[in-house]
Amino acid sequence: MILTIDVTMQYTLEPGDPVLLTVAVLPSDTQTILSTAFQAQSARLHWLDQAGSAGQRVWVMSEGAQLMAQYSARVAIDRPAPPLTSLAAEQMHALPTDVLAWLRPSVFCPSDRFEPFVQTEFGHLQGGAMIAAMQDWVARSLRYVPGASDAGTNALDTFVTRQGVCRDYAHLLCAFARAGGVPARYVSGYSPGVTPPDFHACAEVWLDGGWQLVDPTGMSTPDTFVVIAAGRDASDVAFMETAGMANVMFQDVRVGWG
């Protein structure tokens, strides 16, 4: 599967405020970057070394009080997508050292608070069958409502209100999975099926010795999702970070086929 990505961003900034962007596609064994380009008007760029799953980040130092940037890429996806129910979970003592960290609670995924609910609701299931049931629960129980959450909304808030956007769906699924003993991480990326078009968020869970992509919104599938970065939650992989205030003037995210 080959996807094309085009992003245009225009923001007003506080003068001299550098911007850290995480919008570039992450090269990996399951997605090959065929072409890529990044431009920012009247700005100096400083690319950081790729930090594992944290992705490829760039500092943009604008000369004025505006960020005007464009990113494009063409990506070939070769990501296997076996049925979740066929995948087994690994016992905690058998997990790779770097995977153990994805079992722990985080700011937006306080998984320890969900352990009683997860045991009651999903305790009779294991591995991929449990994750599939969790995915179905989140998709069935939440309403996709743009504007229903903000930057401070965590998985507990979403569990109570039963509404949110892709960020909230992914946080809740990650919290459920960790509470059930399955490592999970929050993944930012692109997909052509996102409505309205924007950056997208999914979850990845560790089953059968590898990361498996799961989208509880149903807007993307493993073969139509391009990963930007993965982290404990949205705080690790924000597409844009500034020290001061930034106000959007225009933002356009387009993802197509071929």
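**Helix H5**

Mentor: Helices are DSSP runs of H or I of at least four residues, and strands are E runs of at least two, numbered from the N terminus. This is a predicted model, in which local features need pLDDT of at least 70 and side-chain atom pairs 80 or more, while totals for chains, interfaces and linings use all residues. Residues are numbered from 1 along each chain, and side-chain values use heavy atoms, without hydrogens and water.

Trainee: Which residue with a positive phi follows H5?
Mentor: Gly181 does, with phi near 90°.

Trainee: How do I read a core?
Mentor: Nonpolar side chains tend to be buried together in soluble globular proteins. A nonpolar core is a set of buried Ala, Val, Leu, Ile, Met, Phe, Trp, Tyr and Cys residues joined through side-chain atoms within 4.5 Å. The largest one here has 64 residues, and Phe176 and Tyr190 are among those that touch the most other members. H5 supplies its largest share, 10 residues.

Trainee: What does a second core include?
Mentor: That separate core of 7 residues includes Leu26, Leu213, Val227 and Ala230.

Technical notes
Buried < 20%, exposed > 50% of the residue type's maximum accessible area, 1.4 Å probe, protein only.
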